[in-house]
Structure formats: structure tokens, C-alpha cells
Amino acid sequence: MSVNASAPAAQMTPPPAAAPTEKELVLKVIPMPADTNGNGDIFGGWVMAQVDLAGSVLPARIIRGRMATVAVKEFVFKQPVRVGDILSFYSSVTRIGRTSITVDVEVYAESFGNQGRFVKVTEALVTYVAIDDEGKPREITR
């Protein structure tokens, strides 16, 4: 099989990837037609919201209370997400500070007709801060 070098990158099919074994599966979701942008692909903001939810799962176990998203250091969209794709969100804690936790989130898509063949669609580094009842940062106790 040859790849047409003049074809736009979005039209090239990326090779399937294996789901990460060093990260924890924290969320699975199927985007629906209401989640699409004007091009018919899943809206990037919808994916970002799901990454924020998935990224908060592991810090919630450590913080055990209120937290807020304070930073997204990096967010890279590698492939479009389509209606009906099965999205799997994997995360791992990369840093625990005095009041904050940074999480690496990777998102893989698989289609219903090709389950078990994952394509990495995005990844992000997200930082959450533990907050008290007034919304002020509080120390993380372990």
C-alpha cells in the first residue's frame, strides 16, 4: 500500500496503535451528532471537556475534596474524532505538588466496525489545584 504524499494529512489513515498499558483507563464515551462542528467532525471543545473530566478522576482520589482545573500546558489534536467513535481516555499522574496535581491524558478512538484497533486522537497535560470551601488553594494531605 502506498501513501499519496500530496494528500492532506487529515485524509491519511494513521497506523493503529496499542492502548497504553502504563496509564489507567478512566473514561469511555461515544460522541453523538449533537457534538459535531460545522465540518461534521466532533467539536474540539467537546473533546477538551471530556479530557478535563477524565483528567480529574485520578486527582480526585488523592485530593479527596474540591478541586479546580488551573492549567492546560499542552493540548495536541492528532486526528479528527467522528460521530460514533468509541473514545477511551487514559491518564497518569505526572506530578504532585503542595496544592496541585498534573495529569497526562491520552485519548484513543476505535470505530464500532474496527474495535480493538486504536488510533491516538489527542493528548493533554492538565493541572488541578485542591481548593477549600471558599475556592482558595489548600494543601494536599496524603
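Is Asp41 buried, partly exposed or exposed? Asp41 is partly exposed, with a relative accessible area of 22%. Buried would require under 20%. This structure is a predicted model.

Asp41 has a charged partner. Its side chain forms a salt bridge with that of Arg82, at 3.5 Å from N to O. Arg82 sits in the loop between strand E2 (67-77) and strand E3 (86-96), and Asp41 in the loop between strand E1 (24-29) and helix H1 (44-55), so the bridge ties together parts that are 41 residues apart in sequence. Arg82 is partly exposed too, at 41% relative accessibility.

**Two bridges at Glu123**

Now turn to Glu123. The side chain of Lys78 meets the side chain of Glu123 in a salt bridge, 3.2 Å from N to O. This pair links distant parts of the chain: Lys78 is in the loop between E2 and E3, while Glu123 is in strand E5 (residues 119-130), 45 residues apart. Lys120 also forms a salt bridge with Glu123, at 3.5 Å from N to O.

| Residue | Relative accessibility | Class |
|---|---|---|
| Lys78 | 39% | partly exposed |
| Glu123 | 17% | buried |
| Lys120 | 21% | partly exposed |

Glu123 counts as buried because its 17% falls under the 20% cut-off.

Shared partners extend the picture. Salt bridges join Lys23, Lys78, Asp104, Glu106, Lys120 and Glu123 into one network. Across the whole structure, the search finds nine salt bridges. Among them are Arg82 with Asp41, Lys78 with Glu123 and Lys120 with Glu123.

Notes:
Residues numbered from 1 in each chain as written. Predicted model: local features only at pLDDT ≥ 70, side-chain atom pairs only at ≥ 80, totals over all residues. Heavy atoms only, no water. Salt bridge = Lys/Arg side-chain N within 4 Å of Asp/Glu carboxyl O. Helix = DSSP H or I, 4+ residues; strand = E, 2+ residues; numbered from the N terminus. Buried < 20%, exposed > 50% of the residue type's maximum accessible area, 1.4 Å probe, protein only.
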